[in-house]
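Student: I am new to this structure and would like to learn how its terms are applied. Could you show it to me and let me ask as we go?

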Amino acid sequence: MLKCLSRDKNVIAQPEEMIRQKVLRWLLKDKNWPKDRILLEESLQYVDKSRGRPDIVLLNSAKKPLLIVECKKSDIY
């Protein structure tokens, strides 16, 4: 199990989740991105009207999606 840095709860330590937590740690600790402007696995409607659940969405100051991050497992940690 891992403690999710954004959701403040324990999550299963799957390879993709480990990558997500590394990205979150970088965003929160190194880049000082506000926790309240991060969404995890939220359903979004894209410009072409399709829907998706990106791993991480960074919101701008108006709480609109600014950047979408898709995490994939890696053999190199």
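Student: What makes Asn 32 count as exposed rather than buried?

Tutor: Its relative accessibility is 59%. Buried means under 20% relative accessible area, exposed over 50%, and partly exposed in between, with a 1.4 Å probe and protein chains only. At 59%, Asn 32 therefore counts as exposed. Asn 32 belongs to the loop between H1 and S3, and its phi is near 55°, a positive value in a residue other than glycine. Most residues other than glycine have a negative phi.

Student: Where do the numbers come from?

Tutor: This is a predicted model, in which local features need pLDDT of at least 70 and side-chain atom pairs count only at pLDDT 80 or more, while totals for chains, interfaces and linings use all residues. Residues are numbered from 1 along each chain as its sequence is written, and side-chain values use heavy atoms, leaving out hydrogens and water.

Student: Why is Asp 8 called partly exposed?

Tutor: Asp 8 has a relative accessible area of 47%, so it falls in the partly exposed class. Its place is the loop between strand S1 (2-3) and strand S2 (10-11), and its phi is also positive, near 55°. Helices (H or I, at least four residues) and strands (E, at least two) are DSSP runs, numbered from the N terminus.

Student: Is Ser 6 buried or exposed?

Tutor: Ser 6 is buried, with a relative accessible area of 14%, although it lies in the loop between S1 and S2. Leaving aside neighbours within four places in sequence, Ser 6 is in contact (heavy atoms within 4.5 Å) with Leu 24, Lys 35, Ile 38 and Leu 40.

Student: How do you know that S3 and S6 pair?

Tutor: Two strands pair if DSSP finds at least two bridges between them. S3 and strand S6 (residues 56-59) have 3 bridges, in the antiparallel sense, so they pair. In S6, Leu 58 is the bridge partner of Ile 38. S6 is also joined to S7 by 4 bridges, again antiparallel, and there Leu 58 has Leu 67 of S7 as its bridge partner. Within the hairpin of S6 and S7, with 5 residues between the strands, Lys 63 takes a positive phi near 65°.

Student: What makes the sheet open, and why do S3 and S7 stand at the edges?

Tutor: The 3 strands form an open sheet in the order S3-S6-S7, with antiparallel pairing. Strand S3 (38-40) and strand S7 (65-69) each have a single partner strand, so one side of each is left without a neighbour in the sheet. Neighbouring strands are turned by 20° against each other on average, direction ignored. Helix H1 (residues 15-30) packs on the sheet, touching S3, S6 and S7, and its direction makes about 15° with that of S6. Axes here are lines fitted to C-alpha atoms, for helices over the stretch in contact, and angles run from 0 to 180 degrees between N-to-C directions.
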